[in-house]
Amino acid sequence: MAALVLVHADKQAASVAVATTIRDLIRRRNAEGRTAVLGLATGSTPLPLYAELVRLHRAEGLSFQNVVTFNLDEYEGLTGERPESYRYFMEEHLFRHLDLRPGSTHVPDGIAADQTRACAAYEQAIRDAGGLDLQILGIGRTGHIGFNEPPSAADSRTRRVHLDAVTRRDNASFFARPEDVPHGAVTMGVATILEARQVELLAFGPAKAEIIRRALSESPHAACPATWLQLHPACTFHLDPAANAAL
Ligand code: GLP
């Protein structure tokens, strides 16, 4: 099953389209009396999407009281109080602007003493919530989704990973000094992501064109983890024209 590719006029249009999908999911779940379970991503790519969700909450009264969230990943060694952490990023750009219930947001624990146990508990929490309804993804230039760096197998689960040098360089701007970027992270696995009922990947700008081409044209393999998304029955790539340029 190939992924669906939608080329939008620009990243704002793509973000509005995905926010609308999320709004409809939340409303559908509300009507069913069930919780909407969202898988969320960090990075610069989803920022306009999060801004649009905040706008929908403020301007259209979209409530998140019936929403549970699970983030893809977290840096190893950073507490949620550190501004470079993904927990802090999510609070800053999304969570604190919404009416989410206390305890309804989950981000992997970057400082757990027993990481094997913490990762298993994260997987269990997703299952207990009923599984991910919709997973938001960005993509790294190494082909990573979440922090599933090459090689990442299709059956990989939430675990500790070692970050690629390219990824550490790409993310250095979020840290005071490049050497401050952690060498490790905790990420949902490829299998965890593939089990989401719906996957919406966003990629914008010329720096993503080549990895988007590879993700969609190479046969699925561990050396380019985003290629595994071709196996997902309901995965959409939302691109701007620049990210679509090499296809
Ligand atoms: C980080 C995140 C990924 C994200 C990627 C791309 O490494 N762990 O989930 O997709 O960066 O980042 P950006 O959106 O800033 O290009």
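This is a predicted model: local features need pLDDT of at least 70, side-chain atom pairs count only at pLDDT 80 or more; totals for chains, interfaces and linings use all residues.
- Glu195 and Arg157 join their side chains in a salt bridge, at 2.5 Å from N to O.
- Glu195 sits in the loop between helix H6 (190–194) and strand S9 (199–203), and Arg157 in the loop between strand S6 (134–137) and strand S7 (159–162), so the pair ties together parts 38 residues apart in sequence.
- With a relative accessibility of 51%, Glu195 is exposed, while Arg157, at 31%, is partly exposed.

**Other salt bridges**
- In helix H7 (residues 209–217), Arg213 and Glu210 are 3 residues apart, which means a separation of about one helical turn.
- Their side chains form a salt bridge of 2.7 Å, N to O; Arg213 is partly exposed at 28%, as is Glu210 at 42%.
- Glu32 and Arg34 also pair through their side chains, at 3.5 Å from N to O.
- Glu32 is partly exposed at 41%, and Arg34 is partly exposed at 44%.
- A network of salt bridges links Arg23, Asp24, Arg27, Glu52, Arg55 and Glu60.

**Helix packing**
- Helix H2 (residues 47–60) packs with helix H3 (residues 86–93) at an angle of about 40°, their axes 10 Å apart, which makes H2 oblique to H3.
- On the H2 side, Leu47, Tyr50 and Val54 meet Phe89, Met90 and His93 of H3.
- Of the residues in this contact, 5 are nonpolar, 1 is polar and none is charged.

Key. Residues are numbered from 1 along each chain as its sequence is written. Side-chain values use heavy atoms; hydrogens and water are left out. Axes are lines fitted to C-alpha atoms, for helices over the stretch in contact, and angles run from 0 to 180 degrees between N-to-C directions. Helices (H or I, at least four residues) and strands (E, at least two) are DSSP runs, numbered from the N terminus. Angles under 35 degrees count as roughly parallel, over 145 as roughly antiparallel, 65 to 115 as roughly perpendicular and the rest as oblique. Contact means heavy atoms within 4.5 Å. Ala, Val, Leu, Ile, Met, Phe, Trp, Tyr, Cys and Pro count as nonpolar, Asp, Glu, Lys and Arg as charged, and the others, Gly among them, as polar. A salt bridge is a side-chain nitrogen of Lys or Arg within 4 Å of a carboxyl oxygen of Asp or Glu. Buried means under 20% relative accessible area, exposed over 50%, partly exposed in between (1.4 Å probe, protein chains only).
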